[in-house]
Amino acid sequence: MKNLKILLLCLVILPALLSACRDDMPELGSPIDKSSLSYSIEPNPNEPNMIILESLTPNVIPYWYTPDGLSTRVKDTVRIPFPGNYKFLYATQGEGGFVADDSLTLNITTTNLSYLSDPLWTYLSGGVGEEKSWVLDTDGVYFDGPITFFGSENGWLEGGEDGCYGDDCWSWPPSAEQAVNDDIVAAGDHGVMTFSLKNNSATFTATKPQEGDITETSSFRINVNAKTLSIPSASILRSYKPSKDGIRGVSNWNNYAIFSLTPDELRLGVLRDQDVDGEGIAYLVYNFIPKED
């Protein structure tokens with residue numbers, strides 16, 4: 001989070017620095033040709049559901065786009081429990097700029113349910129062979145309301161210093177009534193989202209009355225260590241500044257920071273990085289409770 005704020009500050013002051021120091025600035029190196037990228041994406045020969053990533057390109061920062069989300073480690077491991085086709089992409093950032101290779105699709109044919117042993121998978125979906133549905137706490141039954149604002153360096157609330165991982169740590173929980181009256185979220189039914197581990201797959205489904213009664217489906221994955229959730233082809237139940245289409249103020253609706261996950265609550269955060277009113281970077285954390293049968 002701190003790196004993101006530094007990057008935004010640089011984007012503001014960089015034009016002035018370029019104007020003042022143009023004659024003294026060294027030229028950037030030449031971009032790496034895509035054909036010169038060197039890396040490996042290979043299954044573990046003894047465990048085919050374990051994919052090992054290794055960057056072999058010198059003097060660059062690697063960027064791996066994986067089913068678990070983004071990684072910048074030189075060497076990393078992705079564990080995929082179910083069969084299917086999974087996309088990976090390798091890119092680098094060096095002196096000459098950002099260079100990406102073509103995406104690679106791996107076909108996994110085996111199942112490894114041991115990857116689902118962490119309680120977070122069970123809390124979210126009900127467990128292997130089960131499914132679980134969630135709704136926004138629009139009535140303030142369990143939380144103050146359906147949304148809580150957090151600082152950009154807050155995160156998993158049971159780690160760090162009560163969920164603080166830097167300097168920008170704070171929270172504001174508007175009540176359910178205030179959230180509607182102040183145009184923070186829309187009034188009315190926001191639908192149902194379901195996480196399923198049935199049929200040898202991890203499937204997400206969301207019905208969204210607030211978005212034209214659409215139904216979205218996708219796979220989903222939990223990164224247990226990073227406390228993140230990825231939903232590559234859909235988004236959670238959501239609303240923000242409905243009179244201004246405020247959901248445009250979040251650039252990434254497919255990857256979520258898990259702030260809390262128990263059998264009774266699910267709190268998923270997205271970074272408000274392009275707010276429609278120009279408000280600063282913050283986490284919008286959506287508060288969910290299990291749907292009653």
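Author: Start with an open sheet of three strands, in the order β1-β2-β5, with antiparallel pairing. Its edge strands are β1 (39-44) and β5 (75-79), each pairing on one side only. This is a predicted model, in which local features need pLDDT of at least 70 and side-chain atom pairs pLDDT 80 or more, while totals for chains, interfaces and linings use all residues. Residues are numbered from 1 along each chain as its sequence is written, and side-chain values use heavy atoms, leaving out hydrogens and water.

Reader: What makes β2 and β5 a pair?

Author: Two strands pair if DSSP finds at least two bridges between them. Strand β2 (residues 47-55) and β5 have five bridges, in the antiparallel sense, so by that definition they pair. Within this pairing, Leu-53 has Asp-76 in β5 as its bridge partner. In general, the strands of a sheet pair through backbone hydrogen bonds.

Reader: How many helices and strands does the chain have?

Author: There are three helices and 19 strands. Both are DSSP runs numbered from the N terminus: helices are H or I with at least four residues, strands E with at least two.

Reader: Why is the chain called as compact as a globular protein of that length?

Author: The radius of gyration, taken over C-alpha atoms, is set against the globule rule, which is 2.2 Å times the number of residues to the power 0.38. For 293 residues the rule gives 19 Å, and the chain has 21 Å, which is close, so the description applies.

Reader: Why does Ser-152 count as buried?

Author: Buried means under 20% relative accessible area, exposed over 50%, and partly exposed in between (1.4 Å probe, protein chains only). Ser-152 has 1% relative accessibility, so it is buried. Ser-152 sits in the loop between β10 (147-150) and β11 (171-172). Asn-154, found in the loop between β10 and β11, has 8% and is therefore buried too. Of the 293 residues in the chain, 43% are buried.

Reader: What makes the link between Ser-152 and Asp-168 a polar contact?

Author: A polar contact is a pair of N or O atoms within 3.5 Å; within protein, one must be able to donate a hydrogen and the other to accept it, and residues adjacent in sequence count only if both atoms are side-chain atoms. The side chains of Ser-152 and Asp-168 are joined at 2.6 Å, so the distance meets the limit. The side chain of Asn-154 also reaches the backbone nitrogen of Trp-170 at 3.0 Å.
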